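Please read the following points with the structure open beside the text.

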Amino acid sequence: MTTKFTYDALPMRVRFGTGSLAELPAELDHLGLTRVLVLCSPEQKDTGDQIARILGSRAVGVLAEAVMHVPAEAAQRASDEAERVGADGCVTVGGGSAIGLGKAIALNHNLPIVAVPTTYAGSEMTPVWGLTTNGRKQTGRDPRVLPRSVVYDPELSATLPASMSVTSGINAIAHAVEALYAPDSTPIISLMAEDGVRALVAALPAIVKNPSDLEARSNALYGSWLCGACLGATTMSLHHKLCHALGGTLNLPHAQTHTVVLPYALAFNQPAAPQAKKALSRALGDVDDPALKLWVLAEELGAPRSLAELGMLEEDIDRIAEEVTSYSYGNPRPIDLAAVRGILRDAWAGDKPRENPSA
């Protein structure tokens, strides 16, 4: 091996396997936490209450106010509540919205997070935080927001609807795709990314066929762990910048937006990232065109195919393109306004992904 690289392993603890939720009190013991605030979305209130019962007196409240893209106002309310109840940590239950809310509290008060994921978003594996203020989503990295412990229990994802499982899983795949061609990727990350994609593309069809298949759920959760860890260790590129702009500005649904955009961003980038293309080809079953394969897979699994389906208007294309090209970031292929506008137009219409979308 002649490649030079730096690999910085993220300091986190993982407990994985069916029935792991029962070990959550032991995870709090391991971290020395005695007063935790349980965070979840309104839709996950029953699960949040279940977690609180498991923790007994160590749970000092359940705040079911997590929403997409972490509005700054919601983050402030949650921070105020954590301070009011004297929490010494947070247990986040759910997907990226709940974990993101916990990260906002960690950013304000430096409280440790124990994450209990119920989707495949992967946020629990990253030191990346995001806040939306006045329609603009800001992201950053801070080691304080990285969960100290993550409890993966496939049983908790068994009730995630098949449609949401698909988009959440493809969202995770997007993390691995960009990690493969990130400027700071490493051979270790490439191995994790390829195996994460392989696990998810095998698991998602099985979940659609039988949502209660715990083996498929376990494999999907394993894949999302790997893909999330890849995101946490590398720099985000065009795909994530597009999705953050679409989510923060237009409030489009997070996982569905990633699902629609991924084939288009990958089709644009894969000519400039041959090693990433080879890895994805292997992970997807030795295909010639990984971007096209992901586009077809989304259709086969019943996922949304266009940004128009998600509520984006055609007249929004130009302002999103301008926002995405208004600052610089790493990407394997140079971008300009015309290219980004072309990617967005194709994704808005649901057309077949192209290498040269501005043409």
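1. The lining of the largest pocket is made up of 16 nonpolar, 21 polar and three charged residues. Here Ala, Val, Leu, Ile, Met, Phe, Trp, Tyr, Cys and Pro count as nonpolar, Asp, Glu, Lys and Arg as charged, and the others, Gly among them, as polar. The model is predicted: local features need pLDDT of at least 70 and side-chain atom pairs count only at pLDDT 80 or more, while totals for chains, interfaces and linings use all residues. Residues are numbered from 1 along each chain as its sequence is written, and side-chain values use heavy atoms, with hydrogens and water left out.

2. The largest pocket holds about 820 Å³ of space. Among its 40 lining residues, Gly95, Gly96, Ser97, Ala121 and His254 are the closest to its centre. A pocket is an open set of points on a 1 Å grid over the protein atoms alone, where a 1.4 Å probe fits, with protein on both sides within 12 Å along at least five of seven lines; lining residues have an atom within 4 Å of a point. The largest share of this lining, five residues, is supplied by α4.

3. The second largest pocket contains about 290 Å³ of space. Of its 14 lining residues, Leu180, Ser190, Gln275, Ala276 and Ala279 are the closest to the centre. Two or more lining residues come from each of α7 (187–209) and α11 (274–283), and α11 gives the largest share, five residues.

4. Does the length of α7 agree or disagree with expectation? At 1.5 Å a residue, its 23 residues should span 33 Å, and the end C-alpha atoms are 34 Å apart, which agrees. The expected span is 1.5 Å times one less than the number of residues. The buried residues of α7 (under 20% relative accessible area, with over 50% called exposed and partly exposed in between; 1.4 Å probe, protein chains only) include Ile189, Met192 and Leu200. These buried residues of α7 pack against α6, α8 (214–233), α11 and α12 (290–300).

5. There are 17 salt bridges, each a side-chain nitrogen of Lys or Arg within 4 Å of a carboxyl oxygen of Asp or Glu. Arginine 58 pairs with aspartate 29, their closest N and O atoms being 2.5 Å apart. This pair links distant parts of the chain, 29 residues apart. Aspartate 29 counts as exposed because its relative accessibility is 52%.

6. Arginine 144 forms a salt bridge with aspartate 142, with closest N and O atoms 3.0 Å apart. Arginine 144 is partly exposed at 36% relative accessibility, whereas aspartate 142 is buried at 15%.

Note on methods:
Grid points are joined across faces, edges and corners, and a volume is the space filled by probe spheres set on the points. Helices (H or I, at least four residues) and strands (E, at least two) are DSSP runs, numbered from the N terminus. Contact means heavy atoms within 4.5 Å.
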